[in-house]
Amino acid sequence: MTRIAVLVSGGGTNLQALIDSERAGKIPHGSIELVIASNEKAYALTRAENAGIAHAAIRRKDYADQDSYDAALVEALHVHDIDMVILAGFLSILGPRFIQSYPDRILNIHPSLIPSFCGKGFYGLKVHEAALAKGVKVTGATVHLVNEIPDGGRILLQKAVEVQDGDTPEILQRRVMEQAEWILLPKAAEMLAEKLEEEKQA
Ligand code: GRF
(Lines give C-alpha, C1' and ligand atoms only; values in the text may rest on other atoms or scores of the structure.)
Protein backbone atom coordinates (compact mmCIF):
# COMPACT_ATOMS: atom_id res chain seq x y z
CA MET A 1 0.00 0.00 0.00
CA THR A 2 1.41 3.44 -0.94
CA ARG A 3 1.31 5.80 2.05
CA ILE A 4 0.11 9.28 1.06
CA ALA A 5 0.49 12.68 2.74
CA VAL A 6 -1.68 15.61 1.61
CA LEU A 7 -0.38 19.17 2.08
CA VAL A 8 -3.04 21.86 2.37
CA SER A 9 -3.54 25.55 3.18
CA GLY A 10 -7.22 26.27 2.80
CA GLY A 11 -10.72 24.82 2.82
CA GLY A 12 -9.58 21.34 1.81
CA THR A 13 -12.23 20.50 -0.80
CA ASN A 14 -9.57 18.69 -2.84
CA LEU A 15 -8.53 16.81 0.31
CA GLN A 16 -12.18 15.91 0.86
CA ALA A 17 -12.43 14.58 -2.70
CA LEU A 18 -9.40 12.37 -1.99
CA ILE A 19 -10.87 11.13 1.32
CA ASP A 20 -14.24 10.38 -0.28
CA SER A 21 -12.59 8.64 -3.25
CA GLU A 22 -10.47 6.46 -0.95
CA ARG A 23 -13.57 5.50 1.04
CA ALA A 24 -15.38 4.66 -2.22
CA GLY A 25 -12.54 2.26 -3.13
CA LYS A 26 -11.30 4.47 -5.98
CA ILE A 27 -7.72 4.65 -4.64
CA PRO A 28 -7.08 0.93 -3.99
CA HIS A 29 -3.28 1.29 -4.08
CA GLY A 30 -3.07 4.32 -1.78
CA SER A 31 -3.85 5.21 1.82
CA ILE A 32 -4.04 8.82 3.06
CA GLU A 33 -1.98 8.66 6.27
CA LEU A 34 -1.18 12.31 7.05
CA VAL A 35 -2.44 15.84 6.40
CA ILE A 36 -0.10 18.80 6.92
CA ALA A 37 -1.43 22.37 6.79
CA SER A 38 0.73 25.46 6.34
CA ASN A 39 -1.47 27.26 8.86
CA GLU A 40 -3.41 26.09 11.90
CA LYS A 41 -6.65 27.77 10.76
CA ALA A 42 -7.04 25.70 7.58
CA TYR A 43 -10.47 24.04 7.58
CA ALA A 44 -8.74 21.13 5.82
CA LEU A 45 -7.41 20.16 9.28
CA THR A 46 -10.99 19.77 10.52
CA ARG A 47 -11.73 17.53 7.54
CA ALA A 48 -8.70 15.38 8.45
CA GLU A 49 -9.84 15.23 12.09
CA ASN A 50 -13.35 14.17 11.03
CA ALA A 51 -11.86 11.45 8.82
CA GLY A 52 -9.58 10.17 11.62
CA ILE A 53 -6.42 11.04 9.67
CA ALA A 54 -3.23 12.16 11.49
CA HIS A 55 -2.75 15.89 10.93
CA ALA A 56 -0.56 18.83 11.92
CA ALA A 57 0.06 22.48 11.13
CA ILE A 58 3.67 23.25 10.17
CA ARG A 59 4.03 26.98 9.57
CA ARG A 60 6.75 28.64 7.50
CA LYS A 61 6.92 31.58 9.94
CA ASP A 62 8.05 29.22 12.72
CA TYR A 63 11.29 28.49 10.83
CA ALA A 64 14.33 30.70 10.26
CA ASP A 65 14.73 29.83 6.59
CA GLN A 66 13.42 27.72 3.73
CA ASP A 67 15.81 24.85 4.32
CA SER A 68 14.82 24.36 7.97
CA TYR A 69 11.14 24.53 6.96
CA ASP A 70 11.74 21.89 4.28
CA ALA A 71 13.59 19.77 6.85
CA ALA A 72 10.69 19.97 9.30
CA LEU A 73 8.21 18.91 6.61
CA VAL A 74 10.43 16.02 5.45
CA GLU A 75 10.89 14.88 9.06
CA ALA A 76 7.11 14.73 9.58
CA LEU A 77 6.75 12.71 6.36
CA HIS A 78 9.49 10.28 7.41
CA VAL A 79 7.98 9.82 10.88
CA HIS A 80 4.80 8.68 9.11
CA ASP A 81 6.70 6.56 6.58
CA ILE A 82 5.18 8.50 3.67
CA ASP A 83 5.80 7.30 0.08
CA MET A 84 4.14 10.08 -1.92
CA VAL A 85 2.91 13.62 -1.41
CA ILE A 86 -0.11 15.45 -2.84
CA LEU A 87 -0.18 19.27 -2.81
CA ALA A 88 -3.85 20.28 -2.63
CA GLY A 89 -3.92 24.04 -2.47
CA PHE A 90 -0.68 24.20 -0.48
CA LEU A 91 0.49 27.82 -0.62
CA SER A 92 3.92 27.76 1.05
CA ILE A 93 7.05 27.51 -1.06
CA LEU A 94 8.78 24.11 -1.08
CA GLY A 95 12.54 24.24 -1.51
CA PRO A 96 14.95 21.83 -3.25
CA ARG A 97 15.57 19.86 -0.05
CA PHE A 98 11.87 18.93 0.12
CA ILE A 99 11.44 18.25 -3.60
CA GLN A 100 14.63 16.19 -3.86
CA SER A 101 13.44 14.03 -0.93
CA TYR A 102 10.48 12.86 -3.03
CA PRO A 103 11.63 12.82 -6.67
CA ASP A 104 8.72 12.18 -9.08
CA ARG A 105 6.59 11.44 -6.02
CA ILE A 106 4.89 14.81 -5.50
CA LEU A 107 1.61 15.66 -7.27
CA ASN A 108 0.09 19.14 -7.55
CA ILE A 109 -3.35 20.22 -8.73
CA HIS A 110 -3.41 23.53 -10.58
CA PRO A 111 -6.73 25.20 -11.53
CA SER A 112 -5.93 25.95 -15.19
CA LEU A 113 -4.78 24.14 -18.33
CA ILE A 114 -1.01 24.51 -17.90
CA PRO A 115 0.90 26.28 -19.55
CA SER A 116 -1.85 28.91 -19.36
CA PHE A 117 -2.24 31.00 -16.22
CA CYS A 118 0.45 29.27 -14.15
CA GLY A 119 3.80 29.95 -12.55
CA LYS A 120 4.76 32.52 -9.95
CA GLY A 121 1.81 34.40 -8.46
CA PHE A 122 -0.89 32.27 -10.15
CA TYR A 123 -2.83 30.53 -7.36
CA GLY A 124 -6.42 30.27 -6.08
CA LEU A 125 -8.80 32.93 -7.41
CA LYS A 126 -5.98 34.81 -9.19
CA VAL A 127 -5.87 32.01 -11.77
CA HIS A 128 -9.56 32.41 -12.60
CA GLU A 129 -9.36 36.21 -12.59
CA ALA A 130 -6.60 35.97 -15.22
CA ALA A 131 -8.59 33.47 -17.33
CA LEU A 132 -11.67 35.75 -17.29
CA ALA A 133 -9.54 38.83 -18.02
CA LYS A 134 -8.05 37.06 -21.05
CA GLY A 135 -11.50 36.01 -22.23
CA VAL A 136 -10.71 32.32 -22.73
CA LYS A 137 -13.75 30.18 -23.61
CA VAL A 138 -12.27 27.05 -22.08
CA THR A 139 -10.20 26.60 -18.94
CA GLY A 140 -9.81 23.59 -16.65
CA ALA A 141 -7.40 21.89 -14.26
CA THR A 142 -4.06 20.12 -14.47
CA VAL A 143 -2.38 17.53 -12.27
CA HIS A 144 1.40 17.51 -12.67
CA LEU A 145 4.48 16.19 -10.96
CA VAL A 146 6.34 18.80 -8.90
CA ASN A 147 9.92 19.82 -9.62
CA GLU A 148 11.94 22.95 -8.82
CA ILE A 149 10.09 25.05 -11.43
CA PRO A 150 6.71 26.38 -10.15
CA ASP A 151 4.02 24.40 -12.04
CA GLY A 152 6.84 23.05 -14.25
CA GLY A 153 6.79 19.28 -13.72
CA ARG A 154 5.52 16.62 -16.13
CA ILE A 155 1.77 16.91 -16.80
CA LEU A 156 -0.16 13.75 -15.83
CA LEU A 157 -3.85 14.66 -16.36
CA GLN A 158 -5.88 17.60 -17.64
CA LYS A 159 -9.63 18.24 -17.97
CA ALA A 160 -11.31 21.12 -19.81
CA VAL A 161 -14.12 23.19 -18.31
CA GLU A 162 -16.33 25.66 -20.21
CA VAL A 163 -16.27 29.34 -19.26
CA GLN A 164 -19.82 30.70 -19.25
CA ASP A 165 -21.18 34.22 -19.83
CA GLY A 166 -21.47 36.11 -16.57
CA ASP A 167 -18.93 33.94 -14.76
CA THR A 168 -17.30 35.59 -11.77
CA PRO A 169 -13.94 34.24 -10.54
CA GLU A 170 -15.78 32.53 -7.67
CA ILE A 171 -18.36 30.85 -9.94
CA LEU A 172 -15.65 29.72 -12.37
CA GLN A 173 -13.46 28.41 -9.52
CA ARG A 174 -16.34 26.33 -8.20
CA ARG A 175 -17.10 24.88 -11.64
CA VAL A 176 -13.42 24.02 -12.22
CA MET A 177 -13.30 22.32 -8.80
CA GLU A 178 -16.51 20.34 -9.32
CA GLN A 179 -15.98 19.38 -12.97
CA ALA A 180 -12.20 18.93 -13.01
CA GLU A 181 -10.13 19.16 -9.81
CA TRP A 182 -12.16 16.79 -7.66
CA ILE A 183 -12.18 14.23 -10.51
CA LEU A 184 -8.56 14.50 -11.65
CA LEU A 185 -6.77 14.51 -8.29
CA PRO A 186 -8.09 11.17 -6.99
CA LYS A 187 -7.49 9.61 -10.43
CA ALA A 188 -3.88 10.86 -10.52
CA ALA A 189 -3.35 9.79 -6.90
CA GLU A 190 -4.34 6.22 -7.78
CA MET A 191 -2.15 6.24 -10.93
CA LEU A 192 0.96 7.27 -8.98
CA ALA A 193 0.13 5.09 -5.95
CA GLU A 194 -0.17 2.02 -8.21
CA LYS A 195 3.09 2.87 -10.00
CA LEU A 196 4.96 3.24 -6.69
CA GLU A 197 3.42 0.02 -5.36
CA GLU A 198 4.74 -1.82 -8.44
CA GLU A 199 8.19 -0.25 -7.96
CA LYS A 200 8.17 -1.38 -4.30
CA GLN A 201 7.46 -4.95 -5.37
CA ALA A 202 9.95 -4.97 -8.27
C1 GRF B 1 -8.21 25.69 -5.17
O2 GRF B 1 -8.27 26.96 -5.77
C3 GRF B 1 -7.49 24.76 -6.08
O4 GRF B 1 -7.74 25.04 -7.42
C5 GRF B 1 -6.06 25.04 -5.80
O6 GRF B 1 -5.98 25.53 -4.47
C7 GRF B 1 -7.29 25.74 -3.98
C8 GRF B 1 -7.50 24.63 -2.99
O9 GRF B 1 -8.76 24.55 -2.62
N10 GRF B 1 -5.29 23.83 -5.93
P11 GRF B 1 -9.11 23.50 -1.46
O12 GRF B 1 -8.31 23.89 -0.23
O13 GRF B 1 -8.73 22.13 -1.97
O14 GRF B 1 -10.58 23.64 -1.28
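This is a predicted model: local features need pLDDT of at least 70, side-chain atom pairs count only at pLDDT 80 or more; totals for chains, interfaces and linings use all residues.
How many nonpolar, polar and charged residues make up the lining of the largest pocket?

1. The lining first. By class, 16 of its residues are nonpolar, 18 are polar and four are charged. Two or more lining residues come from each of α1, β4 (84–88), β5 (106–110), β6 (138–145) and α6.

2. Around the ligand you will find Gly10, Gly11, Gly12, Thr13 and Asn14, together with Gly89, Ile109, Pro111, Gly124, Gln173, Met177 and Glu181. Sorted by class, this shell has three nonpolar residues, eight polar ones and one charged one.

3. Which elements supply at least two residues each to the shell around the ligand? They are α1 (13–23) and α6 (169–201). The most comes from α6, which gives three residues.

4. A backbone N or O atom of Gly12 is 2.8 Å from a ligand oxygen atom, and for a backbone N or O atom of Asn14 the distance to a ligand oxygen atom is 2.9 Å. Glu181 takes part through its side chain, with a polar atom 2.8 Å from an oxygen atom of the ligand. As for cover, the ligand on its own has 360 Å² of accessible area, and the protein covers 90% of that.

5. Next, some backbone geometry to check. In general, most residues other than glycine have a negative phi, and most peptide bonds are trans. Against that background, the peptide bond from Ile114 to Pro115 is cis, and its omega is near 15°. Pro115 belongs to the loop between β5 and α5 (125–134).

6. Where do Asp81 and Asp104 lie? Asp81 is in the loop between α3 (66–79) and β4, while Asp104 is in the loop between α4 (96–101) and β5. Asp81 is not a glycine, yet its phi is positive, near 55°. Asp104 also has a positive phi, near 55°, in a residue other than glycine.

Note on methods. Residues are numbered from 1 along each chain as its sequence is written. Side-chain values use heavy atoms; hydrogens and water are left out. A residue is near a molecule or strand if one of its heavy atoms lies within 4 Å of it. A polar contact is a pair of N or O atoms within 3.5 Å; within protein, one must be able to donate a hydrogen and the other to accept it, and residues adjacent in sequence count only if both atoms are side-chain atoms. Accessible areas come from the Shrake-Rupley method with a 1.4 Å probe; for residues, only the protein chains shown count as cover. Helices (H or I, at least four residues) and strands (E, at least two) are DSSP runs, numbered from the N terminus. Ala, Val, Leu, Ile, Met, Phe, Trp, Tyr, Cys and Pro count as nonpolar, Asp, Glu, Lys and Arg as charged, and the others, Gly among them, as polar.
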